[in-house]
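I opened the notebook to go through this model piece by piece.

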Amino acid sequence: MTIGAAAREAGVGVETIRFYERSGLVPQPPKPEGAGVRLYPASTVEQVRFIKEAQELGFSLREAQDLLKLRANPSAECSDVRSLAAAKLDEINRKIQRLQNIGATLERLVAACPGNVGLQECPVMEALTSHSGHCRQAEGK
């Protein structure tokens, strides 16, 4: 199939496949002799879908590449994949905690802001410009 057909089947744009080729995530098929177009195997579509699913779960392209390598390695074990997934879960939980802390800080700042005073008296602006770490301290840092 052509790159356009492969992209449609995988649910991505042609440029995504080209980017994945340049990044070493999927192999580029050889160009046929003469004026023909490259023909992509069904495995390209499978790999692109795999990468997109990994990204949906929060894996970076580098991590997706590591998962692809494990997938292609007949001696790889489920525990190898589990380790990568557990590390990703820990990272996501840390990000969630940080975002919750940021949300709590913003809630406090919004609640403290009367909204009807000049910028010089605005608690939100004060926290952003004070350099005293009010925002970071409120986040728990």
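**Salt bridges**

I started in helix H2, where Arg 18 and Glu 15 sit three residues apart, about one turn of the helix. Helices here are DSSP runs of H or I with at least four residues, numbered from the N terminus. The model is predicted: local features need pLDDT of at least 70, side-chain atom pairs count only at pLDDT 80 or more, and totals for chains, interfaces and linings use all residues. Residues are numbered from 1 along each chain as its sequence is written, and side-chain values use heavy atoms, with hydrogens and water left out.

I found a salt bridge between Arg 18 and Glu 15, with the closest N and O atoms 3.0 Å apart. The term means a side-chain nitrogen of Lys or Arg within 4 Å of a carboxyl oxygen of Asp or Glu. By this rule I have six salt bridges. I noted Arg 18 as partly exposed, at 35% relative accessibility. The classes are buried under 20% relative accessible area, exposed over 50%, and partly exposed in between (1.4 Å probe, protein chains only).

Next I looked up Glu 46. Its salt-bridge partner is Arg 71, and the closest N and O atoms are 4.0 Å apart. Glu 46 lies in helix H3 and Arg 71 in helix H4, so this pair ties together parts 25 residues apart in sequence. Both ends are partly exposed: Glu 46 has 44% relative accessibility, and Arg 71 has 45%.

I then checked Arg 62 and Asp 66. Their side chains meet in a salt bridge at 3.9 Å, N to O. They are four residues apart in helix H4, so about one helical turn separates them. Arg 62 is exposed at 52%, whereas Asp 66 is partly exposed at 26%. I also logged a network: Glu 63, Lys 88, Glu 91 and Lys 95 are joined by salt bridges that share partners.

H4 covers residues 61–72, twelve in number. I read 16 Å from its first C-alpha to its last, close to the 16 Å expected at 1.5 Å a residue. The expected span is 1.5 Å times one less than the number of residues. Which residues of H4 are buried? I listed Ala 64, Gln 65, Leu 67, Leu 68 and Leu 70. Their cover includes helix H3 (42–56) and H5.

H5 runs over residues 78–112 and has 35 residues. It reaches 51 Å, close to the 51 Å expected. Lys 88, Thr 105 and Leu 109 are buried in H5. Cys 78 also lies in this helix, and I marked Cys 78 as exposed at 65%. From Cys 78 to Ala 104, 26 residues along the chain, the C-alpha separation is 38 Å.

**Core**

The largest nonpolar core has 18 residues. A core is a set of buried Ala, Val, Leu, Ile, Met, Phe, Trp, Tyr and Cys residues joined through side-chain atoms within 4.5 Å. Val 12, Ile 17, Tyr 20, Val 48 and Ile 51 touch the most other members. Helix H1 (3–10), helix H2 (14–22), H3 and H4 each give two or more residues to this core. I followed Val 12: not counting residues up to four places away in sequence, Val 12 touches Ala 7, Ile 17, Val 48 and Lys 52. Contact means heavy atoms within 4.5 Å.

**Last check**

I placed Leu 128 in helix H6 (residues 123–129). Leu 128 is exposed, at 56%.
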